[in-house]
Amino acid sequence: MTAKQVMFTKQVSLPAIGQGTWYMGEDPGRRREEVSALRAGLDLGLRLIDTAEMYADGAAEEVVGEALTGRRDSAFLVSKVYPWNAGGQKAIAACEASLRRLKTDYLDLYLLHWTGSFSFAETVDSMEALIAQGKIRRWGVSNLDYDDMQALWQVTGGRECATNQVLYHLASRGIEYDLLPWCQQQQMPVMAYSPLAQAGRLRGDLLSHSVVNDIAHAHNVSAAQILLAWVIRLPGVMAIPKAASIAHVEQNAAALEITLSVDELKQLDKAYPAPKGKTALDMA
Ligand SMILES: NC(=O)c1ccc[n+]([C@@H]2O[C@H](COP(=O)([O-])OP(=O)(O)OC[C@H]3O[C@@H](n4cnc5c(N)ncnc54)[C@H](OP(=O)(O)O)[C@@H]3O)[C@@H](O)[C@H]2O)c1
C-alpha cells in the first residue's frame, strides 16, 4: 500500500488521514451507523480516531468506546481536555472520565482543546503526571497559534508537545504563513481539523467550487476527496475528516492514494491563494 503516512513520533507512523467524531453521539438513532463508520475506517487503516470530552458532552467518546470494543490496540486514540480542566487534579479526573467513556485504560494522545484557565506550565505538569500514571502515552495541543507555541516552547517540558491540531482547509490557509512552517521545522505533525470545511472561513462553498469539481472529475473521485488530498499534500500534515457513513469513510480512505499534479495545485492556489501575511488563527 502506498498510502501517505505521517511520522507521528519516532516510533509511530500513521496514515495521513484519520477519523473525526465531532457531532457523533448527539442522536441515539444514529449511533449504530456512527459505530459502523468508525469500525469501517479502522478496517481501511484509518487508525487515528479523534474525539473530545466536549463532543456531545462525552457521548461521542462513548460511541468511540463502542467502536473500539475488541480492537482497542488497532487504533491510535486521541481525546481532548477542556481548558478549564487542563490542570491539577481536574486534569486527572477529566482524563479518567474520558477513559471510562472510551472503555480503555490509556489514550495514545491527549490534547489541550484550546488555551484558557491554566498556565501552560500547569497543563504540562498535568500531562506529565498522566504519562507517569500510564493514562496517556503522549500529549499535544489544539488551536494554538504561532505566538502561543513560542510561549509553550519556553515552558519546562513544553517541547514534548507531540502535535498541534488546528483548523486547515483549502479556504482557510492562514497557518501556512508562519505556524505550519514552524511546526514542520520542529518536525511536529500538524493535525488538520475541519478539512472538508465543515467549519472555518468560507464554509459551505468548497464542495461545490467549479475548480475543485473539475479536478475531482479528472481523477474520477469526489470533491471531498480532492479537498483531503490537498490538505495532506504537505509533509507532516494529517487530516481528520468526520464521516458518519461507510460510503464517506471509504472515499476518505481512498483519498490517501490521490496525488494532485503541480498544475492542479496551481489552479487551486489561484482559486484560494496562500496567505500573504499574518491572519488570526481560524477556529471552529
Ligand atoms: N480541535 C478542535 O477545536 C476541533 C474543532 C473542530 C473539529 N475537530 C475535529 O476534526 C474533525 C473534523 O472536523 P469537522 O467535523 O468539523 O468537519 P469536516 O471533517 O470538515 O466535515 C465533516 C462533514 O463532512 C461530511 N463528509 C465526510 N466525508 C465526506 C465525503 N467523503 N464526502 C462528502 N461529505 C463528507 C460529514 O458528513 P457525514 O457525517 O454525514 O459523513 C460531515 O458533515 C472533527 O470531527 C473533530 O474530531 C477539532
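Residues are classed by relative accessible area as buried (under 20%), exposed (over 50%) or partly exposed (in between), with a 1.4 Å probe and protein chains only. The model is predicted, and local features need pLDDT of at least 70, side-chain atom pairs count only at pLDDT 80 or more, and totals for chains, interfaces and linings use all residues. Residues are numbered from 1 along each chain as its sequence is written, and side-chain values use heavy atoms, with hydrogens and water left out.

A salt bridge is taken as a side-chain nitrogen of Lys or Arg within 4 Å of a carboxyl oxygen of Asp or Glu. By this criterion, the whole structure contains 12 salt bridges. One of them joins Arg31 to Glu66, with an N to O distance of 2.7 Å. Arg31 belongs to helix α1 (residues 31-43) and Glu66 to helix α2 (residues 59-67), so the contact ties together parts that are 35 residues apart in sequence. Helices (H or I, at least four residues) and strands (E, at least two) are DSSP runs, numbered from the N terminus. Arg31 is partly exposed at 28%, and Glu66 is partly exposed at 33%.

Helix α2 also supplies Glu61, which is paired with Arg101 of helix α3 (residues 88-102), 40 residues away. The closest N and O atoms of Arg101 and Glu61 are 2.7 Å apart. Glu61 is buried, at 0% relative accessible area.

A further salt bridge connects Arg173 and Asp269, at 2.8 Å between the closest N and O atoms. Arg173 lies in the loop between β7 (164-167) and α6 (179-185), and Asp269 in helix α10 (residues 262-271), 96 residues apart. Arg173 is buried at 7%, whereas Asp269 is partly exposed at 33%. Through shared partners, salt bridges join Arg173, Glu176, Arg233 and Asp269 into one network.
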